[in-house]
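Work through the exercises below with the sequence and the model open. Try each task before reading its solution.

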Amino acid sequence: MEPRDRLTPRTLHRTLGGLEYFTFGFGTMIGVGWLVVMDDWLGRGGPGGAMLGFLLGALALLPVARTYGRLVREIPDAGAEIAYTERVFPPLPSFAAGWMMVLAYAIVCPWEAVAIGNLLARAFPALNALPLYHVAGRAITVPRLAAGLLLTAGVALVNHRGIRPSGRLQDATTLGLLGLFAVFVTLGFARGAPAQLSPLFAQPGSAGAFLSVLLVAQIVPYFMTGFEAVAKESEEARPGFDPYGFGRAITLAVLVGGTFYVLVIGAVSFVFPWRDLVANHLGTEAAFARAFSSTAIARLILVAALLSLFKVFNGNFVAATRMIFAMGRRNLVPAAFGAVHPRYGTPTWAIVLLALLTGAAALLGDAVLVPITEVGSLAAGVGWCAACLAFLRLRPGGGRGYAMLGAVVSLGIVLMKVVPAIPGSFTRAEWIALAAWCALGLLAWLVRRPVADTAS
């Protein structure tokens with residue numbers, strides 16, 4: 001599987017190493033969901049259902065991760081899913097796979113732009129003042145909206161200045177989060193009691209336990225999307241980087257990410273009655289503050305959440321812009337998006353586009369949070385399945401077992417969202433959001449200007 005020269009010109013700056021690839025993989029996964037929607041997770045599954053849902057979800061994604069590790073090692077291309085599928089499938093399915101993965105990353109950015117206001121308002125309630133308008137019954141306030149737009153502008157600026165500043169931001173925020181996480185989770189298990197976990201599942205009985213796990217497992221792909229972001233930065237590896245390091249970073253990101261989610265759910269449930277948390281729509285920091293009768297630990301958790309938010313925004317922003325860049329390079333979207341800044345080596349117009357789309361979507365406020373989770377799960381599942389199927393076509397010999405399992409898991413993720421009979425499948429809001437993105441993709445496909453292959 002040799003990459004075509006035309007598709008992998010070394011125009012991006014090459015500075016990333018093993019630590020950066022792990023922090024981009026892990027950091028692109030772990031946002032602030034563990035703080036702002038903990039009540040939703042426990043409401044779906046209870047502590048047992050939520051922990052099992054994330055554990056089984058992470059293990060199920062390992063075959064997908066291993067497949068990506070092989071693909072990115074042999075095809076280091078920012079286009080990732082497009083680069084893999086274009087070798088074995090017609091152009092339209094290849095474009096569709098890439099377009100869905102752009103959605104999987106890009107849709108996280110407004111989520112974080114909205115979440116920054118949500119997060120800061122927990123420490124500074126004055127941010128809930130000055131309502132500007134309402135969306136789905138929820139007020140959009142001037143301070144919270146301004147915080148989201150300023151964060152978007154800041155992330156875009158860091159990305160414009162080069163992959164090195166983005167990598168340093170990713171390293172600092174990821175390592176900072178893991179350090180603070182170790183502190184408050186240790187305190188939680190030391191202070192809590194197993195009796196708080198009862199009942200383990202949100203629904204009664206054996207069938208209820210299964211349903212509890214299923215409802216959480218359905219959203220795991222969204223909260224675990226990002227380990228494969230390593231592939232999008234593969235062209236930016238420093239000279240001499242061992243290509244096997246891509247696979248190691250991807251696998252480690254999945255394992256550490258799954259462990260993170262299981263432990264934080266367990267720690268929250270250990271220190272505070274989870275049914276009270278769900279009934280009162282409390283976040284992780286509020287549960288710890290009440291359990292410890294201390295605002296200091298709540299502030300510690302909020303700092304950890306801020307670090308988490310910065311890194312997941314940055315990681316998804318990098319991945320999405322590299323996908324747009326790769327599509328522009330192939331003339332699947334306007335060719336300007338495939339250009340890089342002559343000094344910083346970054347895809348300037350792709351960065352501008354994503355910043356504008358993020359700012360526009362952030363105007364919807366908190367109303368976008370849960371629907372985005374659902375649509376993001378399906379988008380990631382489509383991209384993962386396409387990559388695994390491409391590997392099966394590209395590799396008639398060994399290494400097919402992981403890819404076959406990965407394809408089955410990915411297809412199952414898609415079916416869980418589109419089959420109406422399955423609990424937790426798409427509602428009208430999610431179908432509308434997905435249809436809008438597909439329509440936009442079809443328009444991009446129809447107005448593209450394919451060009452003949454030319455070597456770079």
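## Exercise 1: a residue in α16

T358 lies in helix α16 (residues 348-362). Helices are DSSP runs of H or I with at least four residues, and they are numbered from the N terminus. The model is predicted: local features need pLDDT of at least 70, side-chain atom pairs count only at pLDDT 80 or more, and totals for chains, interfaces and linings use all residues. Residues are numbered from 1 along each chain as its sequence is written, and side-chain values use heavy atoms, with hydrogens and water left out.

Task: decide whether T358 is buried or exposed, then list what T358 is in contact with, leaving aside its neighbours within four places in sequence.

Solution.
- Step 1. Apply the cut-offs: buried means under 20% relative accessible area, exposed over 50%, and partly exposed in between (1.4 Å probe, protein chains only).
- Step 2. T358 has 1% relative accessibility, so T358 counts as buried.
- Step 3. Contact means heavy atoms within 4.5 Å. Beyond its neighbours within four places in sequence, T358 is in contact with C109, P110, A113, T152 and F313.

## Exercise 2: α12 against α14

Task: describe how the axes of α12 and α14 cross, and class the residues in the contact.

Solution.
- Step 1. Take the axes as lines fitted to C-alpha atoms, for helices over the stretch in contact; angles run from 0 to 180 degrees between N-to-C directions.
- Step 2. The axes of α12 (residues 244-271) and α14 (residues 284-292) come within 9 Å and cross at roughly 40°.
- Step 3. The crossing of α12 and α14 is left-handed. In a left-handed crossing the near helix is turned anticlockwise from the far one by less than a right angle.
- Step 4. From α12, A267, V268 and V271 make the contact; from α14, T284, A287, F288, A291 and F292 do.
- Step 5. By class, the contact of α12 with α14 has seven nonpolar, one polar and no charged residues. Here Ala, Val, Leu, Ile, Met, Phe, Trp, Tyr, Cys and Pro count as nonpolar, Asp, Glu, Lys and Arg as charged, and the others, Gly among them, as polar.

## Exercise 3: the setting of α14

Task: find how many residues of α14 are buried, and say what follows α14.

Solution.
- Step 1. Eight of the nine residues of α14 are buried, so α14 is largely enclosed by the rest of the structure.
- Step 2. The buried residues are T284, E285, A286, A287, F288, A289, A291 and F292.
- Step 3. S293 follows α14 and has a positive phi, near 50°. S293 is found in the loop between α14 and α15 (295-329).
- Step 4. At 67% relative accessibility, S293 counts as exposed.

## Exercise 4: aromatic pairs

Task: characterise the ring pairs Y21 with F246 and F184 with F288.

Solution.
- Step 1. Rings of Phe, Tyr and Trp (its six-membered ring) pair if their centres lie within 6.5 Å; planes under 30 degrees apart count as stacked, over 60 as edge-to-face and the rest as tilted. The structure holds 27 aromatic pairs.
- Step 2. The rings of Y21 and F246 have centres 5.1 Å apart and planes at 85°, so this pair is edge-to-face. Y21 in α1 (residues 18-29) and F246 in α12 are 225 residues apart. Both Y21 and F246 are buried.
- Step 3. For F184 and F288 the centres are 5.8 Å apart and the planes at 80°, so the pair is edge-to-face. F184 lies in α8 (residues 163-191) and F288 in α14, so the pair ties together parts 104 residues apart in sequence. F184 and F288 are buried.
- Step 4. F184 and F288 also belong to a cluster linked by ring pairs, with W34, W41 and F292 among the other members.

## Exercise 5: backbone exceptions

Task: what is the phi of A80, and is the peptide bond from S198 to P199 cis or trans?

Solution.
- Step 1. Recall the background: most residues other than glycine have a negative phi, and most peptide bonds are trans.
- Step 2. Phi of A80 is near 45°, a positive value in a residue other than glycine. A80 is found in the loop between α3 (38-74) and α4 (81-85). With a relative accessible area of 0%, A80 is buried.
- Step 3. The peptide bond from S198 to P199 is cis, with omega near -10°. P199 lies in the loop between α8 and α9 (205-217).

Technical notes: Helices (H or I, at least four residues) and strands (E, at least two) are DSSP runs, numbered from the N terminus.
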